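Hello,

Here is the structure I promised to send over. Please open it alongside this note.

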Amino acid sequence: MATELEELVGFLSASSPPVQKAAVDIVRDLTGSEDGLLSLSKYANIVLPSLSRLLSRKKEVSEPAAEALVNLSQNSNLATKMVETGMIQMAMDLLYKPDSSITRLLVMLLVNLTQLDAGIQSLLQTDDEKMQGLFVMKLVRSFCRTSSETRDNPFDHVGSILVNISKKEAGRKMLLDPKRGLLKQILRQSDSTSPLRRKGVSGTIRNCCFEAENELQDLLLISEFLWPALLLPVAGNKIYSEQDISKMPLELGSALSIEREPCDDPDIRIQALESIYLITLQEAGLRAFWSVNGPRILQVGYEDEQDPKVMEAYEQVGSLLVHERGAAVSSGETS
């Protein structure tokens with residue numbers, strides 16, 4: 001005899017819209033608790049495809065179905081099953097339908113699924129030479145085009161997807177490919193008003209800088225966007241002198257010659273400094289850093305810094321500069 005839960009799961013495919021709606025609402029509510037997730041996971045082979053089919057329905061059904069899938073995808077075993085059954089392809093197809101009413105939830109689902117290696121591989125489309133990178137290009141385009149449309153934009157979460165895929169070498173190579181020009185587009189979002197978007201950008205840059213040893217030339221090709229994205233968050237609060245600014249490229253000097261909003265997120269400051277460290281480990285990267293008056297910017301920024309972890313990140317770069325060129329990030333001492 002079928003259990004209550006089995007009956008409930010069966011109702012997700014009911015022909016009666018009111019019954020289907022009631023079932024999906026109850027399933028969504030169950031996914032909000034650990035016990036509910038555990039119970040539903042036993043019927044994953046029925047629940048996941050049933051919920052997936054509801055994503056293309058009207059909002060009153062597609063929204064709770066999407067919310068349920070986002071919650072279920074936090075479980076790595078269930079997320080793996082979703083990836084295996086083509087959920088990323090389905091989410092991307094639905095995301096770009098003109099009448100989609102669950103954009104935010106689909107993007108959040110992709111954030112969760114790309115925490116898995118298999119999910120990253122699926123989004124990168126590495127198994128399909130002709131389609132490879134198409135999904136990523138679409139997401140980057142949406143991320144960059146929608147930045148100022150609304151205060152809380154559903155595509156802000158794409159920043160987290162970019163961080164996830166850039167944790168893998170294949171993802172970094174794709175983002176750094178100068179023919180695609182993806183990182184250049186992403187860097188332009190570094191001064192966004194959205195904290196989530198800025199954090200996504202800084203985390204993505206940091207991950208891409210792990211390729212600095214092999215891909216430094218591609219990074220420096222976009223230096224007019226790269227250095228402002230990395231140096232402005234760690235430049236401190238002071239207005240810089242004309243002498244300092246005269247040694248900087250226009251895009252940096254202009255920003256540092258006026259009053260500006262400080263970067264109040266220590267994680268972004270740390271990620272920026274880690275990126276600089278990875279770049280300046282390379283001789284050509286170090287030369288490029290000196291050419292934009294980077295050491296002076298770090299010196300001023302360090303003087304304003306109060307967060308111990310961020311100060312440690314400044315000092316890591318500073319020790320490298322001291323070793324290479326006999327210059328320190330602070331006018332006093334570094335540790």
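Below is what turned up, starting with the domains and ending with the rings. Please keep in mind that this is a predicted model.

Domains. The domain assignment gives domain 1 (1-124) and domain 2 (170-326). Their C-alpha centres lie 40 Å apart.

Core. The largest nonpolar core has 103 residues. Leu51, Leu123 and Leu231 touch the most other members. Domain 1 and domain 2 each supply at least three residues to this core. Take Leu51 as a place to look. Leaving out residues up to four places away in sequence, Leu51 touches Leu12, Val24, Val27, Ala65, Ala68, Leu69 and Leu72.

Aromatic pairs. The structure holds two. One is Trp227 with Phe289, a tilted pair with 5.6 Å centre to centre and 50° between the planes. This pair links distant parts of the chain: Trp227 is in helix H16 (residues 223-231) and Phe289 in helix H20 (residues 283-291), 62 residues apart. Trp227 counts as buried because its relative accessible area is 3%, under the 20% cut-off. Phe289 is buried too, at 0%.

The other pair is Tyr302 and Tyr314. Their ring centres are 5.7 Å apart and their planes sit at 75°, so the pair is edge-to-face. Tyr302 belongs to helix H21 (residues 294-304) and Tyr314 to helix H22 (residues 308-325), with the two twelve residues apart. Both tyrosines, Tyr302 and Tyr314, are buried.

Charge and ring. Which ring lies under the charged end of Arg197? That of Phe143, with the charged end 4.5 Å from the ring centre.

Best wishes

Note on methods. Residues numbered from 1 in each chain as written. Predicted model: local features only at pLDDT ≥ 70, side-chain atom pairs only at ≥ 80, totals over all residues. Heavy atoms only, no water. Core = buried A, V, L, I, M, F, W, Y, C linked by side-chain atoms within 4.5 Å. Buried < 20%, exposed > 50% of the residue type's maximum accessible area, 1.4 Å probe, protein only. Domains from an automatic or database assignment. Contact = heavy atoms within 4.5 Å. Phe/Tyr/Trp six-rings, centres within 6.5 Å; stacked < 30°, edge-to-face > 60°. Helix = DSSP H or I, 4+ residues; strand = E, 2+ residues; numbered from the N terminus. Lys NZ or Arg CZ within 6 Å of the ring centre and 35° of its normal.
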